Amino acid sequence: MSETLFEELKRYVGFDAADEAALRGAHPLLAPHFKAVAETFYDRILTHDEARKALEGGESMVGRLKITLVAWMDYLLQGPWDEKYYETRARIGRVHVRIALPQHYMLGAMNVVRREFNDLLERHQPDAAQRVAARRSINKMLDIELAIMLHTYREDLLAQQARVERLSTFGQLVGSIGHELRNPLGVIESSLFILKKQVGEDPKAQKHMTRIGEQLDIASHIISDLLDMIRDRPLQRERVELAQVLRDAAGAVNLGAKPLHFVNLESLAAVPGDPVQLRQVFVNLIENASQALGETGEVFVEGTREDGRFQVAVEDTGPGVPANVRARLFEPLVTTKARGIGLGLALVKRIVERHGGTIVYAPRERGARFVVTLPSA
């Protein structure tokens with residue numbers, strides 16, 4: 001069986017069972033000081049403009065990050081240092097790419113932790129041999145931590161650049177084809193209008209005219225979605241009552257006999273945004289949830305408020321999204337539908353991010369759950 005990257009890193013720095021024991025032995029000495037280390041850590045980070053810009057959300061965000069850092073230090077010194085540990089740490093590098101944190105801040109931040117731990121060991125570990133062993137083991141694991149972050153940062157950054165290049169090519173192609181298709185569709189629509197008057201009351205002819213009109217609408221809608229993907233339609237910002245937007249969006253979706261449940265919408269209030277574009281976000285999500293159910297199932301729309309931001313979760317009891325699709329779920333032309341072309345979620349993500357929010361897919365044991373987070377007014 002081939003060696004994993006984490007196993008290779010541990011072998012490379014010589015991290016072994018003795019190091020595990022040394023880390024666990026240092027934990028009782030260092031744990032009471034984790035909060036103080038977290039304070040020093042973020043005080044240092046916030047003195048740098050670029051790092052501070054990456055940490056959106058103000059004091060409440062930094063407060064949560066300090067709690068996360070304490071948990072990170074706890075895991076660092078207690079383990080277990082297995083593949084789950086590696087995956088947990090790898091996510092940090094991916095977050096750094098998402099928030100556009102420059103790489104060199106990782107090096108500086110790790111040095112802050114290293115220095116603080118070394119100073120604490122000097123003050124609180126009287127046994128010289130144990131102090132040297134703990135310091136050596138901590139340095140090994142911090143080097144591994146940094147290597148994992150840099151590795152996953154590089155992987156995700158390259159993947160992000162590839163996506164940008166694909167989207168750029170996609171945008172150029174769509175812009176050209178979309179505008180070219182408008183003309184023939186316009187001619188077809190005009191001719192259809194004239195033909196409807198010529199066929200009279202013939203029910204078969206009327207049926208085919210109606211069918212052509214429906215397909216024209218579908219084609220026009222697809223082109224509009226494609227063009228919306230590549231242009232920045234200005235946001236018509238105003239105070240938008242989020243609960244009302246959700247009710248309007250649900251009313252625009254043909255759910256058939258499938259029930260839709262609103263949960264805790266009273267927790268939602270006004271958000272700054274474009275009511276038309278926000279409505280489109282939730283029409284797409286509710287429509288996707290309904291279509292995923294097939295003939296039976298339920299859709300839930302749940303609201304929550306936390307730290308001055310609103311979350312809206314759209315959940316269904318269908319089969320969920322296959323694991324092999326989730327990583328690219330919000331990219332154009334990625335779809336799980338038999339008759340979809342994969343524009344809805346890409347457009348949803350674009351609109352949400354232009355409103356200063358985020359959207360994520362939250363896997364469930366059964367069904368799919370999409371969570372939109374938006375800043376409050």
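How many bridges join strand 5 to strand 7? Hi everyone, let's start there. Seven bridges join strand 5 to strand 7 (residues 369–375), and the two run antiparallel. Strands here are DSSP runs of E with at least two residues, helices are runs of H or I with at least four, and both are numbered from the N terminus. Two strands pair if DSSP finds at least two bridges between them.

A quick word on the source: this is a predicted model, where local features need pLDDT of at least 70 and side-chain atom pairs count only at pLDDT 80 or more, while totals for chains, interfaces and linings use all residues. Residues are numbered from 1 along each chain as its sequence is written, and side-chain values use heavy atoms, leaving out hydrogens and water.

Back to strand 5 (residues 309–316). Strand 4 (residues 299–306) also pairs with strand 5, antiparallel, over eight bridges. Follow Val 314: its bridge partner in strand 7 is Phe 370, and Val 314 is also the bridge partner of Val 301. Six of the eight residues of strand 5 are buried, so strand 5 is largely enclosed by the rest of the structure. Buried means under 20% relative accessible area, exposed over 50%, and partly exposed in between, with a 1.4 Å probe and protein chains only.

Now some backbone details for you. The hairpin of strand 4 and strand 5 has two residues between the strands, and Asp 307 there takes a positive phi near 50°. Asn 264, which is not glycine either, has a positive phi near 60°. Asn 264 sits in the loop between strand 2 (260–263) and strand 3 (270–273), and is partly exposed at 32% relative accessibility.

Finally, a cis peptide bond, omega about 0°, joins Gly 79 and Pro 80. Pro 80 lies in the loop between helix 5 (58–78) and helix 6. Thanks, everyone!
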